[in-house]
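Me: I am new to this structure. Please take a close look at one part of it and walk me through what is there.

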There are 4 protein chains.
Amino acid sequence: MTKTVTLSQAQEVIAAALHRADEIDQPVNVAVVDAGGNLVAHVRQDDAWIGSIDISIDKAWTARAFDISTGDLAEYAQPDTQFFGIQNTNRGRVTVFAGGIPLRDDGHVIGAIGVSGGSGEQDQTIAQAGLEALSAHR
Amino acid sequence: MTKTVTLSQAQEVIAAALHRADEIDQPVNVAVVDAGGNLVAHVRQDDAWIGSIDISIDKAWTARAFDISTGDLAEYAQPDTQFFGIQNTNRGRVTVFAGGIPLRDDGHVIGAIGVSGGSGEQDQTIAQAGLEALSAHR
Amino acid sequence: MTKTVTLSQAQEVIAAALHRADEIDQPVNVAVVDAGGNLVAHVRQDDAWIGSIDISIDKAWTARAFDISTGDLAEYAQPDTQFFGIQNTNRGRVTVFAGGIPLRDDGHVIGAIGVSGGSGEQDQTIAQAGLEALSAHR
Amino acid sequence: MTKTVTLSQAQEVIAAALHRADEIDQPVNVAVVDAGGNLVAHVRQDDAWIGSIDISIDKAWTARAFDISTGDLAEYAQPDTQFFGIQNTNRGRVTVFAGGIPLRDDGHVIGAIGVSGGSGEQDQTIAQAGLEALSAHR
């Protein structure tokens, strides 16, 4: 038995992320994947980068694929660290900068959120807001 | 000036499509692309096929890429017809079965909707419901 | 909550499939994916085609992606039928000939098996043997 | 004559690797390729990362493709070293961090093992255990 995020949960997560994006006035793409790494929902705000569509989806996938935030993975993917080169695997889907975070339920990863469009810090803050919306309901 | 669908409009279109999908009890994926063919929003209902994620997005892309419904394009893509082989172009993004429809405003294509998850007829009906939500506001 | 196939179950399924392949003296590739469509296990028998590695994995993925046996999907993917062109979607992963079958538990799809290496009929028979191993334990 | 790993040998290698993975309590993906670099067998343990499916297969491929352990190749793939950029070749299949090791017989490479799921050190230890199972039989 595996728990996985529902569309309804994904929509709550995305709504909270968009709310935060508006607060800091940074248009972004937000994506949510399920426990299998498959896309559940995606939105691109008006004026957000089209290059960030893929990045938001792939950040979410990466966070679920390795059960780690993409910002943390970044540290291990630098030259002369143990996972340098991981960013070239999985046909280019692995994204190694901040903005992707696993969604957990009782410690189990049930999906992930990926945000792209602002600075690493902005994307991370927005993803975090999405994450908290899910936690608030438990 | 190019008119293009906004996120707000895409969300109305998707909400109407999901409403119709619920009415006919057929879980689906729904995607909306803008005038540039780039994804604006996507949702996958619980229990909808994971193989339909890409198809919904690519149906929407196809409908905008050629300003034609994918059901109509299907007729031209059969063996011994004039565009047979078009389904192999554009790195496989061209989708030639029903469920993708251009979104228009005063005759100009401003984006497209793509639906995947049911039969061709069901997908088409659900996409049509999304289309009508947009028209109802004009 | 989603049920998904375990490695232990996948290994039983594969062992039963290989047993059947030996009985009919047809070396094959066998793959099992989980509920998320992600590979759980794969084996290629000695002398089985290397071109069938991908096909076995993609048949399993296809059977899960659309919750249908790939032999049945074949009927809908022919010219002038409703899903003609589906074989060009999902970046070429959709495989539309016999040998992929969903694995079910109480009616829910928990993964899929894909077999490639023999004729369509042989692949189907071998996949069916894998399927039955899982059912026998419930 | 080319010696190449058999399915039976691959299964021994994988069993030994999984045994070691269990000992150190680190779920992983393990893959074995033959002398042609083509996949012979793959397993993903329950709770092992889905992002490691491709990495385990590609580590094995890389170790055979260049007859070198991927951990050693890592040294040559860093910025300002002679093979920097090799990780971008071969359509992204080249994996340049520890966990892939060639399988040898009388000094000839007959295939390779790839492990992914833990730290570089863990993956290397588990791959080494697989390698030793093969040597023990000669």
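Reply: Chain D and chain A bury about 1600 Å² between them. Of that area, 57% lies on carbon and sulfur atoms. This is a predicted model. Chain D brings 22 residues to the contact, and chain A brings 19 residues. Three residues of chain D lose the most area to chain A: W49(D), I50(D) and F97(D). Together they make up 33% of what the chain D side buries.

R91(A) forms a salt bridge with D58(D). Their closest N and O atoms are 3.1 Å apart. Seven residue pairs are in polar contact between chain D and chain A, with both residues at pLDDT 80 or more.

Which element gives the most to the side of chain D that touches chain A? That is helix α2 of chain D, residues 52-65, with four residues. By class, this side of chain D has eight nonpolar residues, 10 polar ones and four charged ones.

Next, a residue in chain B. T62(B) lies in helix α2 of that chain, residues 52-65. Is T62(B) buried or exposed? T62(B) has a relative accessible area of 0%, so it counts as buried, the cut-off being under 20%.

How values were computed:
Residues numbered from 1 in each chain as written. Chains lettered and ligands numbered in written order. Predicted model: local features only at pLDDT ≥ 70, side-chain atom pairs only at ≥ 80, totals over all residues. Heavy atoms only, no water. Helix = DSSP H or I, 4+ residues; strand = E, 2+ residues; numbered from the N terminus. Buried < 20%, exposed > 50% of the residue type's maximum accessible area, 1.4 Å probe, protein only. Contact = heavy atoms within 4.5 Å. Buried area = accessible area lost by both parts, 1.4 Å probe. Salt bridge = Lys/Arg side-chain N within 4 Å of Asp/Glu carboxyl O. Polar contact = N/O pair within 3.5 Å; in protein donor to acceptor, adjacent residues only side chain to side chain. Nonpolar A, V, L, I, M, F, W, Y, C, P; charged D, E, K, R; others polar.
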